[in-house]
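Come along and follow the entries with the model in view.

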Amino acid sequence: LNGRDFGKVGVVKARNNGAATYDFVHAQPGSGSHFYRIRSEDLDGQSLLSAVVKVNINSNGQGFIVFPTLIQQNRVTLQLNGLQKGRYNLQLTDMNGRVLMNRNLEHNGTASAQNMALPATLASGNYMLTLSGNDIRITERLTKQ
């Protein structure tokens, strides 16, 4: 939490099949500032540390967070914090306002995180993901590489 002292959040085992892509989701990190780095360990025992990255998570207790916002694969994680129990609509649009995805979510009222697949046909570019319902409307910008 301070950018100097680190603990282990999780481990992803090596696939050892050439150039592999890895991901890990810190399922319930809490609100506020968090600092992350990656330690990679080679088969010969050498390890490297990545640069430290600071992530600010909505601290007002209510909200909708999407990560990663820079999409390499067509998957994101949605984190819902402090939202009322009920039905919400999740809509993905391109920068011209065209609706590319429209889904309903049933939210149980507790803080939760869930993985979600985006349309397989999603091209490189910028997009808006909007959560609406129960008198709220929150939009997050996403970029597909």
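**Order of elements.** I read the chain from the N terminus and noted β-β-β-β-β-β-β-β-β-β-β-β. My tally is 0 helices and 12 strands; both are DSSP runs numbered from the N terminus, helices being H or I with at least four residues and strands E with at least two.

**Ground rules.** I remind myself that this is a predicted model, where local features need pLDDT of at least 70, side-chain atom pairs count only at pLDDT 80 or more, and totals for chains, interfaces and linings use all residues. Residues are numbered from 1 along each chain as its sequence is written, and side-chain values use heavy atoms, with hydrogens and water left out.

**Whole chain.** I looked up the box filled by the C-alpha atoms: roughly 55 × 35 × 20 Å along the principal axes.

**Surface.** The accessible surface comes to about 9600 Å², and carbon and sulfur atoms hold 47% of that (Shrake-Rupley method, 1.4 Å probe).

**A sheet of three.** Next I found an open sheet of 3 strands in the order β5-β7-β10, paired antiparallel; pairing takes at least two bridges found by DSSP. β5 (63-67) and β10 (112-117) each have a single partner strand and stand at the edges, so one side of each has no neighbour in the sheet. Neighbouring strands here are turned by 25 degrees against each other on average, direction ignored (axes are lines fitted to C-alpha atoms, and angles run from 0 to 180 degrees between N-to-C directions). Between β5 and β7 (residues 75-81) I noted 5 bridges, and F67 has T77 in β7 as its bridge partner.

**Around β12.** Which strand pairs with β12 in the parallel sense? I found β6 (residues 70-71), which joins β12 (residues 136-144) over 2 bridges. There L70 has T143 as its bridge partner. On the antiparallel side of my notes, β11 (residues 125-133) pairs with β12 over 9 bridges, and N126 stands opposite T143. I followed the chain from β11 into β12 and saw a hairpin with 2 residues between the strands. In that turn, N134 has a positive phi of about 50 degrees.
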